[in-house]
Structure formats: C-alpha cells, structure tokens
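This briefing is for a reader new to the structure.

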Amino acid sequence: MGALLSALLSSIRGGVHPETRKFLSAESPIEPMPIPALLRLPLQQHIGAPAEPLVARDDHVLKGQLIARARGPISANLHAPTSGRVIAVGPFPAPHPSGLPVPTITLRPDGADRWAPRLPRLRPEDAEPEEIAARVAEAGIVGMGGATFPAAVKLTLRDRYRLHTLIINAAECEPYLTCDDRLLRERAEEVADGAGIMARALGVTKIIVAIESNKPAAAAAMRRHNLGLGHPVQVRVVATQYPMGSEKHLVRAVTGRETPARALTAELGIVVHNSATAQAVHLAVRYGEPLLSRVVTVSGRGVARPANVQALLGTPVADLLAHCGGLTEDPDRLLLGGPMMGQPIRSPRVPVVKGTNGVLALTRAETRKAETMPCIRCGACVRACPCGLTPFELNARIQAGDLEGAAAVGLLDCVSCGCCSYICPSNIPLVQGFSFAKGKLAETESRKHQQEETRRLAAARTAREEAIAEAKRAAMARHKAQMAEKKRRAAEEAAQAAEEAPAEPQEAAK
Amino acid sequence: MITAAASMSALGLGLGLLLGAAARKFHVKTPPVVDEMERILPGTNCGQCGYPGCRGAAEAIAEGGAPVTLCPPGGRDVALKLAEIVGVDCSGGPEISGMTDIEPQVAFIFEDHCTGCTKCFKRCPTDAIVGAAKQIHTVIWDACTGCDACVQVCPTEAIVLRSKPRTLQSWYWDKPDQPLAALRTGAA
Ligand code: SF4
Ligand code: SF4
C-alpha cells in the first residue's frame with residue numbers, strides 16, 4: 001500500500017525507505033526552554049568565512065545585539081541570543097565529529113532577557129528586493145535545514161539567473177526529525193509569509209511548499225495558509241522517501257527536471273529554501289528580530305522525553321537533554337542532525353548552532369552495526385544511490401588507494417546521503433569511505449596549492465634579495481667612483497703644488 | 001682620466017667575451033629531468049636534504065646518488081612524483097610507504113624565549129616569519145613549510161617544529177575498516 005502510494009506521488013530515482021520513528025516526537029508541540037546557565041556561540045555556524053567578533057571579555061550585551069560581524073561575502077552575522085555578560089572569547093570544542101576547538105564567544109545570561117533596539121521594521125509589500133536580502137543578511141540567517149549556507153546570498157541569485165519558482169523544502173526526509181513538521185503545523189502562517197517575502201526578494205511569483213506524504217497535518221495546516229504576500233502558496237505532497245529533502249532531488253521530484261552535476265538549481269530557474277529559514281525571514285523582516293533561536297528535535301530511545309524545543313543558539317546539548325528528562329541509558333551514539341547524515345559528537349558540552357535540526361541519543365538497539373562482510377556484488381547500493389553512482393566500485397577503488405580513479409567514476413557527485421551504506425547487506429561502510437576519500441582528495445588539492453604558493457614565495461624572496469644585492473653593488477660602485485674622483489683631485493692638487501714649488505721636492509730628493 | 005676609463009672598459013669587455021666564450025665551450029647540458037624534478041621540489045632551497053638547494057637535490061637524484069625520499073618538507077607527495085619521473089618502483093617501496101605518516105610540520109616560536117634577534121626572520125626561505133629587531137617574532141603557518149631553517153639558527157632555541165594544527169576545514173574522517181581487514185582479524 002505504502003509502495004503504491006509512493007509510486008503515485010512524485011518520487012525520486014533510487015533512495016531508501018528507512019523506518020522513520022517520527023512518532024517519538026511528532027505529537028509534542030514546540031516548547032520553549034529556560035535560558036541555560038551558559039551559551040557557547042561559535043563564530044562559524046555557517047558555510048564560508050568565520051564571523052569577526054565585536055565583543056571582548058566582560059562586555060555586557062543585550063538580546064539581539066550584533067556580537068560578531070560577517071567577514072566577506074559568504075559569511076553570516078551572529079547576535080546575542082539573550083542579554084548577559086561575555087565571559088570568554090576563545091577556543092571551545094566545535095559541534096563537529098572532530099571536536100576540534102574553534103573560536104567561540106561564551107555568554108553568561110543575566111536572566112533579564114533585555115532586548116537591544118531591534119532592527120527597523122520593513123514593510124515587505126513595498127520593500128525593494130535588495131532591501132529584503134540586506135535585511136536577511138543583517139539578521140544572520142542561514143539555511144536552517146542543515147546546509148547553513150548564508151540565506152541572503154541565495155536571495156540575490158536573480159542577478160545571475162532567470163528565476164521563476166521558489167520551493168520551500170519541508171520534506172524532512174531524515175528519520176526522527178520533526179522540527180519542520182511541527183513548525184508547519186503550528187506556525188504555517190509565518191512560514192507562508194516568509195516564503196512570500198523571499199519570493200519578492202527573488203522576483204518570482206510561483207511558490208511551492210514540498211511536504212512528504214507522511215506529514216498530512218503539516219500539509220493541511222499549510223493549505224489553510226495558502227497566501228504569501230499575496231501570492232498563492234501551493235502545497236505539493238511528495239513521496240516519503242529518503243533523501244527527498246536533498247535540494248536537487250526535491251527539485252526533480254517536484255518539477256521532473258534534473259539539475260546538472262555540480263550546478264545550482266538556479267540554473268533551472270528554481271531556488272530552494274528550508275521552511276525554518278522562511279520563518280526566520282518572516283521574523284527578521286516583519287519584526288526586526290535577528291536569528292536567535294531555532295526549533296530542535298530531541299529524540300531517540302535514549303532520551304527520556306522526546307520533544308521539539310525552541311532552543312537559543314549556543315545552548316549546550318547537555319542542557320537540552322536535561323530539559324528533556326535526561327538520558328535513560330548510556331547512548332551508543334550522540335548525533336547532531338538526523339541518523340542518516342547527522343554528525344556524531346564526542347561530548348554533550350558542545351552547543352546547538354544555526355544548522356542543528358536535531359539532537360539524537362540512539363541506543364545500541366537503534367544503531368544497527370553488524371560485522372562487515374565482503375561485497376557480494378548484489379547491486380543493492382547501485383539501485384539505492386539517488387545520484388546514479390556505483391558505490392561498490394567507488395569503494396573498491398578507494399580501498400585500493402586509487403582516489404583519482406574513484407573521482408573519475410563520480411566520487412565528487414556523491415551527496416553523502418548514506419543510502420548505500422544503509423542498504424548494503426554486507427554492512428560495508430560505504431559512505432564513510434567516501435567521506436574519507438573526499439577529505440583526502442581535498443587535502444591533496446590544498447597541498448598542491450600550498451606547494452605552488454611556497455614556490456611563489458621563495459621566488460619572490462630570491463628576487464628581492466637579488467634586488468637588494470644589486471642596489472648594494474651599485475652603491476658600492478658609486479662610492480668607489482667618488483673615492484677615485486677624490487684621489488684624482490688630490491693628486492692633481494698635489495701635482496699643481498709641486499709645479500708651483502719645484503725646488504723643495506728636489507731638495508728632499510737629495 | 002679618459003685613458004683610465006678606456007682601459008678599464010676594454011679590460012671588462014675582453015674578460016666578458018672570454019667568459020662568454022668559456023661558457024659556450026665548457027657548457028654542461030643538464031638533462032631535462034633535472035628541470036622537471038626541480039619544478040616538483042618545493043623550491044625553498046632549505047638544504048635539509050644535504051644538497052645545495054633544490055636544484056642540487058634534483059641533480060643528485062638524476063645521477064642516481066640520492067633517494068627520491070630526500071625532501072622532508074615535500075613529503076610523500078613529492079616523493080611519489082619524483083619516483084614517477086625517475087621510474088623507481090614505488091608500489092610499497094619501504095621508504096615511500098614509510099613517509100605516509102609524516103604530518104605537515106610548522107615552526108612555532110616560544111614568545112618568552114624570543115629575543116628579537118631577527119636571525120630566523122632573515123633566514124626563512126618563504127618569508128613566513130614576521131618580526132623586527134628586539135620584537136617578538138611569529139610564524140605565519142599558511143606560509144611555513146616546516147623546513148627547519150629557522151630552528152637551526154635560533155640562538156635561544158625558541159623555535160620548535162610542531163605538526164600543523166588541524167582545523168575544521170582540513171579535518172576529515174579516517175578510512176573506515178576495510179571489509180577484508182575485518183575478515184582477517186576475525187579469522188585470526
Ligand atoms: S554513493 Fe553517495 S550519493 Fe550514492 S547512495 Fe552512497 S552516499 Fe548516497
Ligand atoms: S550493496 Fe554492498 S554487497 Fe551489494 S554490491 Fe553494494 S557494496 Fe556490494
């Protein structure tokens with residue numbers, strides 16, 4: 001029945017149907033959380049250059065105050081999520097599998113939650129598209145589905161492409177996650193308005209909200225609020241299939257058109273934004289509120305009370321878990337994001353950031369991890385790969401150390417969705433190997449670049465030293481010439497003197 | 001005066017011609033592989049290989065007197081490329097596979113030991129050290145090749161080489177356990 005339904009709905013090639021386990025948190029309304037004792041705000045919560053801190057230790061900041069400014073065109077502003085005192089600006093473990101320290105602003109909230117003056121309101125109905133994009137940039141909004149690309153950059157695409165459609169991505173194909181589902185159910189009006197505002201910035205009139213078929217309540221809520229800034233907001237129910245939420249795959253499911261490899265969907269005239277991003281845009285433009293918090297799904301069997309929490313940016317994962325009743329047992333894996341593409345973290349001290357849509361504590365029973373067996377060439381991974389790759393071949397080449405060979409058969413087109421690893425009957429860690437290979441290739445590339453730079457620097461230094469030596473030689477030559485001139489003159493004078501008084505030297509000679 | 005200038009220039013011209021002729025007559029043609037290898041080597045002339053500069057090293061390899069693994073800052077990548085040129089079989093050659101684990105190194109200056117003598121600053125082949133007389137010097141890691149030149153000249157031993165700190169941008173996952181390796185350990 002489910003398969004039949006998926007066949008009728010727009011689906012994608014390949015993909016898998018993991019158990020969604022969304023029931024754990026789907027019926028918990030979005031709840032606020034008390035302000036935690038400390039907030040940790042990494043300067044880089046987005047793709048691009050890290051922001052530049054504007055505060056120092058012991059500064060007092062107000063809620064919504066700009067505390068770090070975007071550096072360069074691809075970067076994002078950061079604001080204080082509440083009022084309080086800055087107690088440190090320095091390295092702190094990143095919410096990342098490596099746990100490496102990254103520059104972080106640590107804020108101790110004062111509990112007053114006092115607002116700084118908000119950004120002036122914009123009336124989107126008569127604001128210029130550029131004004132809207134500038135406001136979105138000012139508010140520090142990034143893609144909140146997890147990609148964290150600065151949203152404002154994606155709103156200025158109309159300069160370079162002829163656009164016609166805005167797709168709001170509410171597919172939420174990752175198992176467990178329910179934050180977008182809840183957002184649509186509870187704040188559909190705000191999402192629709194945000195979508196309308198973004199459509200105005202992009203200069204398009206067609207707005208489609210794509211929702212997977214397993215979220216009928218969200219689709220119904222969205223249908224009730226089907227106007228965004230006067231433009232109709234169309235709801236499109238797509239098949240429940242992983243990875244439906246991948247931008248290019250969603251575009252294919254909704255429009256039937258394929259985005260070229262390593263190109264933007266804008267090439268087809270389509271821009272995709274996440275539904276949480278749309279809501280953040282609504283708040284920024286209508287109310288002048290920068291991005292200060294986000295909805296996070298806290299779930300997994302290891303959590304006592306799975307929930308959807310409106311958490312301030314910088315809230316430590318440990319506080320979030322404690323708010324949800326704590327852990328019932330020692331989790332096998334602690335993940336940020338969904339179980340398919342989420343990143344394991346080493347310590348619950350790391351903070352929630354702009355792209356964190358879920359915090360999952362998975363128990364041993366939930367993390368299927370059987371022993372790895374040799375590949376039996378069953379082809380299941382090939383059928384599952386939504387990008388049309390041959391994962392077993394990629395894997396064989398990577399294991400043989402032939403990374404260039406893997407790149408030649410499409411390694412760089414892999415979106416790391418994990419379908420292949422999920423489906424493999426031999427439990428081969430396919431996508432894990434691809435992540436390694438991509439990182440390794442990038443490293444080789446950067447080493448090559450660095451070697452060229454080294455050569456350039458060394459050549460520049462040699463040139464400079466030669467120029468200095470040349471200048472010295474010239475100075476020396478000048479000096480010598482002067483000395484010679486002086487000597488000659490002295491000799492001439494001496495000769496003249498000798499002519500004038502010839503008797504004396506003769507006497508001396510005697 | 002005029003005679004002096006004239007004789008000097010005549011002398012210079014004569015000697016110059018002599019030198020030019022000698023260069024032609026005694027010209028040693030370097031094999032093109034030397035140029036090719038010189039282009040692969042870092043070009044910093046740091047001298048860690050024990051030859052006078054990168055060109056010297058390239059010549060030594062071409063003559064067969066030096067191993068392709070001679071360049072520490074170049075690391076494994078350079079060794080592999082050199083091996084490709086000179087045709088050394090590098091599939092599992094012990095020297096090259098032994099190089100795999102060398103992490104890129106960078107110099108680090110202990111600030112309380114730095115006297116601002118500017119020796120390292122003058123010696124760095126890539127201008128990766130910034131500083132001035134009687135000021136604490138520091139290293140720009142992006143430009144440092146870990147060539148060791150500054151460590152050698154520092155009079156207070158304030159400089160050490162450390163592995164280059166990893167960042168979120170340069171970090172990546174380890175290679176997962178291979179299926180065959182997994183089986184082998186299972187059998188053992
Ligand atoms: S090869 Fe990449 S894109 Fe294809 S299924 Fe595996 S992870 Fe997904
Ligand atoms: S799914 Fe696993 S066993 Fe089957 S072909 Fe792919 S890698 Fe091999």
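How many residue pairs are in polar contact between chain B and chain A, counting pairs with both residues at pLDDT 80 or more? The count is 13. The model is predicted, and the points below are grouped by topic.

**Interface between chain B and chain A**

- On the chain B side 40 residues are in contact with chain A, and 33 residues of chain A meet them.
- About 3,000 Å² is buried between chain B and chain A, with 58% of it on carbon and sulfur atoms.
- Leu168(B), Tyr172(B) and Trp173(B) supply 22% of the area that chain B buries against chain A, more than any other three residues.
- There are 3 salt bridges between chain B and chain A.
- Asp127(B) forms a salt bridge with Arg464(A), with the closest N and O atoms 2.9 Å apart.
- Four helices of chain B, α2 (32–40), α4 (75–86), α6 (119–123) and α8 (179–187), each supply at least two residues of the side that touches chain A.
- By class, that side of chain B has 20 nonpolar, 8 polar and 12 charged residues.

**A sheet in chain A**

- Strands β3, β5 and β6 of chain A form an open sheet of 3 strands in the order β3-β5-β6, with antiparallel pairing.
- The edge strands are β3 (52–53) and β6 (78–79) of chain A, and each pairs on one side only.
- β3(A) pairs with β5 (residues 66–69) of chain A over 2 bridges, and Pro53(A) stands opposite Ala68(A) in β5(A).

**Salt bridges**

- Over all chains, the structure holds 32 salt bridges.
- Arg185(A) forms a salt bridge with Glu27(A), the closest N and O atoms being 3.3 Å apart.
- Arg185(A) lies in helix α4 (residues 179–202) of chain A and Glu27(A) in the loop between α1 (2–8) and β1 (30–32), so this pair ties together parts 158 residues apart in sequence.
- Arg185(A) is partly exposed at 24% relative accessibility, whereas Glu27(A) is exposed at 59%.
- Asp113(A) forms a salt bridge with Lys63(A), the closest N and O atoms being 3.1 Å apart.
- Asp113(A) and Lys63(A) are 50 residues apart and link distant parts of the chain.
- Asp113(A) is partly exposed, with a relative accessible area of 28%, while Lys63(A) is buried at 13%.
- Arg185(A) also forms a salt bridge with Asp181(A), the closest N and O atoms being 3.1 Å apart.
- Asp181(A) and Arg185(A) are 4 residues apart in helix α4 of chain A, so about one helical turn separates them.
- Asp181(A) is buried, at 5% relative accessibility.
- Arg123(A), Glu125(A), Asp126(A), Asp193(A) and Arg286(A) are joined into one network by salt bridges that share partners.

Technical notes:
Residues numbered from 1 in each chain as written. Chains lettered and ligands numbered in written order. Predicted model: local features only at pLDDT ≥ 70, side-chain atom pairs only at ≥ 80, totals over all residues. Heavy atoms only, no water. Contact = heavy atoms within 4.5 Å. Buried area = accessible area lost by both parts, 1.4 Å probe. Salt bridge = Lys/Arg side-chain N within 4 Å of Asp/Glu carboxyl O. Polar contact = N/O pair within 3.5 Å; in protein donor to acceptor, adjacent residues only side chain to side chain. Nonpolar A, V, L, I, M, F, W, Y, C, P; charged D, E, K, R; others polar. Pairing = 2+ DSSP bridges. Buried < 20%, exposed > 50% of the residue type's maximum accessible area, 1.4 Å probe, protein only.
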